[in-house]
Structures are given as C-alpha cells and as structure tokens.
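Trainee: Could you take me through this model, giving the general idea behind each feature and then the case at hand?

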Amino acid sequence: MKDRTLLMIPGPIEFEPEVLQALGAPTSSHVAPEFIEVFGQALERMRKVWLCPSGQPFVVAGSGMLALEMAVVNLIEPGDKALVLSTGVFGDRYADLLRRYRAEVKLLRAPLGETIPLQQVEEALAKHQYKLMTITHVDTSTGVRTDAKSLGAIASKYDTLTVLDGVCSVAGEELRQEEWGIDVALTASQKAIGVPPGLALLVASPRAIEAWRRRKTPVGNYYADWKNWLPIMSAYEARKASYFATPPVNLICALNVSLERILGEGMEARFARHQRFKRAFQEALRVLGLKQVPTDSRHAAATLTAPYYPSGITGSEFLPKVKAAGVTLAGGLHPDIKDRYFRIGHMGAETAGNLLATIGAIEAGLEKCGYQFELGAGVSAAQRILRS
Ligand SMILES: *Cc1c(COP(=O)(O)O)cnc(C)c1O
C-alpha cells in the first residue's frame, strides 16, 4: 500500500491489523453462540477500560454524536436544568442538543484555548440545582483537556449528574470513571478505542441508571432509549440471545479485539504512554517555534496537538506538502481560528516511529513553505523525550 499515508488526525486513527482482520472476517449471525460470547466479552472489557467496575456499558451502532445524544436523552426531561461546560465546538454542540430536548440550558464557555476555572463551575452549581452537567474531556476543536476529576468531585457535592464527552479521551487520557464520580462516560469507536467508525460506546453509573428509571416522561428518542437497549446488553452479558436492532456484528468483533489489546497494554501504561507522546509533540513544536491553541501545556490534550501555522503560512499550502511527505493531518475546526491552525491526532496504538515520521513530515512541509528553522531539530527533540 505504497500510496497510503499515515493517518494522524483526531479520528479515524491508524488501526491495528488484528482489528482490521476481525472486521474482514465472515459475518456470523448476531445470535450465533460465538458472537454472543464475543459481545459479552466486549461489554465486560469496557468496564475495565473505563475503570468503572459497577457501570453499565452500552454498545450501539452509530457515531460519537449518537453517544452524546443517548447520554442526555435518557437523563433529561423537558424543563430540567442542565449546565454545559464548553471548551470548544463539541461543548457548544451539547448545548444545542440539550435545548432540542427542551432542557433549560446554562452555557459556561471558556475563552479560546483555556479551561473554565473550577471556582466558576462551583459558583454556578451552588446558585441553581442542575439535574446534569456536561463536560468535554478533550475538545477536539481546541486540544484543551479539562480537569474531569475535579469537575466530577464538585458535581457530586451538589448532587448533579455528570456526562463526560470522552470521544477524544477514553483509552488515551487518564479517566477513572467510578473513582471520579462520572455518571456517563462516552466515546466512539474510531478514536482512541482504535476501531473503524460506526460504534457509539457509553458506560453509565448505577446513579445514572437510577435517575433514568425514576423519570416521569418517556425518553424523547426511540432508538436511543435505554429501555430498548438495557435488556439487550444484559442478555449478551449473560450469554443469551436477544434482539432489538441488528448489532454491527463485525464492528463488535473488532471492538473486542481492540479492547483486549488495550487491556494487554494496561490502562496505567497506556495513560503514561499518551503523556509521553504529548510531551514529545510539545517539545518538538517548542523547538520549531510553533505556538499552540491551548494557552498552557498543562491543560493541553495527550490525544491530539493543535498548533498554529507560523505567520505567512496557510493550511492550503502546508497540509498538502505534509501529505506529500507521507502523513495526513487535519485542518482547523474551531470557527474563530479555522484557517490559522492544524490538528495532529496521536491517540490509540500509535508507535514512537509514527510520531517521529509525523514530526519529520511536518518539518518537510515547513521547509517547503520557506519557514526558517534548523532541519531535524523537532525530530531530535521528540526523540530525546521518547527514549527517556
Ligand atoms: C469526534 C468527536 C465527537 C463526534 O464524534 P463522531 O463520531 O464524529 O460523531 C464528539 N465529541 C468529541 C470530543 C469528538 O472528538
């Protein structure tokens, strides 16, 4: 596959051959004993990856947006108050989504590249009783990572349910759902979970399930209603056949392989590796003289990096040159700065080799655009971090 470039965008990511093999295997019946076993295992493994031993996992065909919708539509009733913490495009979307289900939304929005001070969140929660609060763990439009642990602790104090959009974080950033008191943590298959697009993945706490059981009005979305899915998830985990809607058999087989590999690496090792990769990019960009969207590297994501182009260089000039050097990167997404920055995804089973190739291709692109720097400086800065 010589015409293939490395895909270093914030999802879909580079997938492992073992995962792709599972995807390409002959499709079994969704009620075949072998598949029931695979689905059951995948659900059990999700609890371990999310670090939520008493959580209820859900696996549903759809993208991350369905996971976002499923999380809140089961918990919100018309007129309920919801607090949305936004650090970019995906936080803003949550406000839109909640309003569609007639929640009364209060939106706290961080300035571009920053997080929302914890004190401001606490003041908002103290002022009104909110039924739930949404948090974007890593907003993929800004590369900002929020302090989900502290936010979970504050929300527990005020008896507010927490929904974490972990689409750009689960299985990459440190996340301890149960210990941190996060009620729903959700993602999509094509991000750090490492499976081609098509699965919405959620884990709900017992408190979230209880809140859903106590609702007075029906869930406003038939396909996303936990009433339809909870018996299915329970049946597969009990290794019994069940049917509400045909599960994407091959994707679930691929998910089970990827989860097994993630747990084989170990969650602690995986969190540490993503931190190391983050430092490698931070260091490489620093020596190359590129500024980043997050205003402080302490709240920059470990799953993606969002650098500004040097002045005088545009994305339409730079990105094709990086691609010609073998690596596909993503352009900007945040509407305020769309044409001024680019995004590098480095989550999942990435290797140090892929990282160095990416930095090398970025240097090649910069050089071809006439940027003045010491060729190789970024690669060796990253290498010093990666070998330590
Ligand atoms: C990618 C992403 C989404 C949307 O997921 P899709 O699979 O594209 O629907 C939502 N939130 C965050 C933080 C993301 O990175």
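Mentor: Let us begin with Thr-303, bearing in mind that the model is predicted; Thr-303 is found in the loop between helix H11 and strand S11 (304-305).

Trainee: Is Thr-303 buried or exposed?

Mentor: The cut-off for buried is a relative accessible area under 20%, and because Thr-303 has 0% relative accessibility, it counts as buried. Leaving aside residues up to four places away in sequence, Thr-303 touches Val-138, Cys-168, Ser-169, Gly-172, Glu-173, His-274, Ile-344, Gly-345, His-346 and Met-347.

Trainee: How many residues does helix H11 have, and what does it reach from its first C-alpha to its last?

Mentor: Helix H11 (residues 267-288) has 22 residues and reaches 32 Å between those two atoms, close to the 32 Å expected at 1.5 Å a residue. After H11 comes Gly-289, with a positive phi near 80°.

Trainee: How should I read the pairing of strand S3, and which strands does it pair with?

Mentor: Strands of a sheet pair through backbone hydrogen bonds, either parallel or antiparallel. In the case of S3 (residues 81-86), 6 bridges join it to strand S4 (residues 104-109), and the two run parallel; Lys-81 stands opposite Glu-104 in S4. From S3 the chain crosses through helix H4 (residues 89-100) to S4, and this β-α-β crossover is right-handed. S3 also pairs in the parallel sense with strand S5 (residues 132-136), over 3 bridges, and there Ala-82 stands opposite Leu-132. Strand S3 is mostly covered, with 5 of its 6 residues buried.

Trainee: Which strands make up the open sheet with antiparallel pairing, and in what order?

Mentor: That open sheet has 3 strands in the order S11-S14-S13, and its edge strands are S11 and S13 (330-331), each of which pairs on one side only. Between S13 and strand S14 (residues 342-345) there are 2 bridges in the antiparallel sense, and the bridge partner of Ala-330 in S14 is Arg-343.

Trainee: Turning to the ligand, how many residues surround it, and which are the closest?

Mentor: The ligand is surrounded by 13 residues, the closest being Ser-63, Gly-64, Thr-140, Gln-190 and Lys-191. A polar side-chain atom of Ser-63 lies 2.6 Å from an oxygen atom of the ligand, while for Gly-64 it is a polar backbone atom that is 2.7 Å from a ligand oxygen atom. In the case of Thr-140, an N or O atom in the side chain is 2.3 Å from an oxygen atom of the ligand.

How values were computed:
Residues are numbered from 1 along each chain as its sequence is written. This is a predicted model: local features need pLDDT of at least 70, side-chain atom pairs count only at pLDDT 80 or more; totals for chains, interfaces and linings use all residues. Side-chain values use heavy atoms; hydrogens and water are left out. Buried means under 20% relative accessible area, exposed over 50%, partly exposed in between (1.4 Å probe, protein chains only). Helices (H or I, at least four residues) and strands (E, at least two) are DSSP runs, numbered from the N terminus. Two strands pair if DSSP finds at least two bridges between them. A crossover is right-handed if, with the strands pointing away from the viewer, the path from the first strand over the helix to the second runs clockwise. The expected span of a helix is 1.5 Å times one less than its number of residues. Contact means heavy atoms within 4.5 Å. A residue is near a molecule or strand if one of its heavy atoms lies within 4 Å of it. A polar contact is a pair of N or O atoms within 3.5 Å; within protein, one must be able to donate a hydrogen and the other to accept it, and residues adjacent in sequence count only if both atoms are side-chain atoms.
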